[in-house]
Amino acid sequence: MIAYSMVSIFPFLFMIVFVLILGTFIVMAINGARTWHRNNQSPVLTVEASVVTKRQRVSRHQNHHATTYYYATFQVESGDRMELSVTGKEYGLLAEGDRGKLTFQGMRYLGFDRI
C-alpha cells in the first residue's frame with residue numbers, strides 16, 4: 001500500500017519541482033531583460049570618481065570548471081558609491097585609490113580614465 005501511494009504521488013511532486021525550476025528561469029530572464037532595458041534607456045554619464053574597492057566572485061560548476069566575476073566600487077564627488085561589474089582586464093588595470101573619469105550607463109560600466 002505504501003509503495004502504491006509513493007508511485008501515485010511521484011508524478012505530482014515531479015511536476016511541482018519542474019514548475020518551480022521553470023518559474024525560476026523565467027523570473028531570472030525577465031529580471032535580466034528588465035535590467036538590460038533600463039541600462040539602455042539611461043544616459044551615458046562621465047563623472048569624476050575614485051576606485052574605493054575591488055572584489056571577485058568565483059562560481060564553481062559541476063564539471064570542475066569555474067567562472068570568475070569581477071566588480072569595482074567607485075565613489076563619486078557627492079559621496080555616493082556604486083559597484084559595477086568589470087571585465088577581468090579592467091579589474092587588473094584598476095587599483096584602489098585611483099582617481100579619474102568614470103563612464104557608465106545605468107549600472108553598465110563603460111570605462112575609467114585616470115587623471
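Glutamate 90 sits in helix 2, which spans residues 88–93. Its relative accessibility is 23%, so glutamate 90 counts as partly exposed. Arginine 55 is 35 residues away from glutamate 90 in sequence, and the two C-alpha atoms are 12 Å apart in space.

**Confidence.** The model is predicted. Mean pLDDT for the protein is 92, and 94% of residues reach 70 or more. Confidence is lowest in helix 1 (residues 2–41), with a mean of 86. Strand 4 (residues 99–105) has the highest, at 98.

**Salt bridges.** How many salt bridges does a search of the whole structure find? The search returns 3. The table gives the pairs.

| Glutamate 48 | Lysine 101 | 3.6 Å |

Glutamate 48 and lysine 101 meet in a salt bridge. This pair links distant parts of the chain, with glutamate 48 in strand 1 and lysine 101 in strand 4, 53 residues apart. Glutamate 48 is partly exposed at 28% relative accessible area. Lysine 101 is partly exposed too, at 33%.

Glutamate 83 belongs to strand 3 and arginine 55 to strand 1, so the pair ties together parts 28 residues apart in sequence. Glutamate 83 is partly exposed at 34%, and arginine 55 is partly exposed at 36%.

Arginine 114 lies in strand 5, and aspartate 98 in the loop between helix 2 and strand 4, so the pair joins parts 16 residues apart in sequence. Is aspartate 98 buried or exposed? Aspartate 98 has a relative accessible area of 16%, so it is buried. Arginine 114, at 42%, is partly exposed.

**Core.** The largest nonpolar core has 14 residues. Those with the most contacts inside it include Phe74, Leu102 and Phe112. Strands 1, 2, 3, 4 and 5 each supply at least two residues of this core. Beyond its neighbours within four places in sequence, phenylalanine 112 contacts residues including Ala49, Val51, Phe74, Leu94, Asp98 and Lys101.

**Surface.** Phe10, Phe14, Met15, Phe18, Val19, Leu22, Ile26 and Ile30 form a nonpolar surface patch. Together they have about 810 Å² of accessible area. Valine 19 is in helix 1, and its relative accessibility of 48% makes it partly exposed.

**Backbone.** Histidine 64 is in the loop between strand 1 and strand 2. Its phi is near 60 degrees, a positive value in a residue other than glycine. Histidine 64 is exposed, with 80% relative accessible area.

Conventions. Residues numbered from 1 in each chain as written. Predicted model: local features only at pLDDT ≥ 70, side-chain atom pairs only at ≥ 80, totals over all residues. Heavy atoms only, no water. Helix = DSSP H or I, 4+ residues; strand = E, 2+ residues; numbered from the N terminus. Buried < 20%, exposed > 50% of the residue type's maximum accessible area, 1.4 Å probe, protein only. pLDDT = per-residue confidence, 0-100. Patch = residues over 30% accessible without salt bridge, like charges linked within 9 Å, V, L, I, M, F, W, Y side chains within 5 Å. Areas by Shrake-Rupley, 256 points an atom, 1.4 Å probe, with all protein chains shown as cover. Salt bridge = Lys/Arg side-chain N within 4 Å of Asp/Glu carboxyl O. Core = buried A, V, L, I, M, F, W, Y, C linked by side-chain atoms within 4.5 Å. Contact = heavy atoms within 4.5 Å.
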